[in-house]
Amino acid sequence: MTRPARSGQHTRRSTLASDAYPLTSAQEAFGLARPFLDGRLLLASDFDGTLSQLGPDPWAAAIIPAAQRALRRLAARPDVHVAFISGRTAVDLASRARVGGVSYHGDHGAERADARRGFRVATLAVIREPADPAAAAMAERLKVEVPQVVDEPWLVLEDKGPALTFHFRAAPDIDAARTRVSAVADAVDPTGVLFRAGGRRAYEMRPAGATTKADALACLIDEHAPDGVLMLGDDRHDAGAFDALRAARSAGRIRGLAVAVAGHADVTHDVAAHADLVLAGPREAARFLALVASHRSRT
């Protein structure tokens, strides 16, 4: 992990993962971002585990109010673009974030909805990239057949059209649940029509070649030509977006920070290694966003 040298930077160790890594405070993170906050700014963020606390029920996720207030203030600025990039669908994401004047990128960027200020979720126009018919047909099979075999109260199906995610956050044995779900999914789709992805507590299946968070962030950088970029996230999909940010920075196209959020034990060192700094959790991320919003309101 790149560790920006700064006098007095905290180096307390996280106990959230087996591989410890240093944590940075919201105030310190703001200090590192301060040099590029006055120009055109792109602020992109994941949702679950970043702006919302992770819990056993994925449908109970709610944005931290302080983060919502900060993002609403930032989205009102004409020289700031706020983008949510999440594995959730764009509609589900918008219904939970409730921030207008932003773009919602669902299913890691395979969907996009631009929400004006004062929008209503029911009126959002969602654009989805086309999917191979064979992939879409396989997704429909999996949505029916996997829950029939894994008939457990802890299995939660997230339907994203030609993509899907099986969540098992509440399973008594996470590793056993993942093994069981993946075995059934592999039996239904033995040739790998759908690409397997996801973290330890979810099994995600997507069409091969579907847009990733890295693709989505790279497109946003091209679209908005920002002077500075902030990307916040907590999982391996976000690590790809961190790499996209750092590549654009290395090429001299932007200034920016890749900010990992350690809100759960599943935030491992291999995610943090792609980031410039690590915040202690979603509440610390909200404090950081509040500092950024307060700064922009004064300029």
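Reader: Where is His-274 found?

Author: His-274 sits in the loop between α8 and β12 (277-279); helices (H or I, at least four residues) and strands (E, at least two) are DSSP runs, numbered from the N terminus. This is a predicted model, where local features need pLDDT of at least 70, side-chain atom pairs count only at pLDDT 80 or more, and totals for chains, interfaces and linings use all residues. Residues are numbered from 1 along each chain as its sequence is written, and side-chain values use heavy atoms, with hydrogens and water left out.

Reader: What does His-274 touch?

Author: Leaving out residues up to four places away in sequence, His-274 touches Ala-239, Phe-242, Asp-243, Arg-246 and Ala-258. Contact means heavy atoms within 4.5 Å.

Reader: Why does His-274 count as partly exposed?

Author: Because its relative accessibility is 26%. Buried means under 20% relative accessible area, exposed over 50%, and partly exposed in between (1.4 Å probe, protein chains only).

Reader: OK, on to α7. Which residues of α7 are buried?

Author: Asp-238, Ala-239, Ala-241, Phe-242, Ala-244, Leu-245, Arg-246 and Ala-248. Their cover includes α6 (213-224), β10 (228-233), β11 (255-261) and α8 (269-272).

Reader: And what follows α7?

Author: Gly-252, with a positive phi near 80°.

Reader: Is Ser-86 buried or exposed?

Author: Ser-86 is buried, at 2% relative accessible area. Beyond four places in sequence, Ser-86 has contacts including Asp-46, Asp-48, His-105, Asp-107 and His-108.
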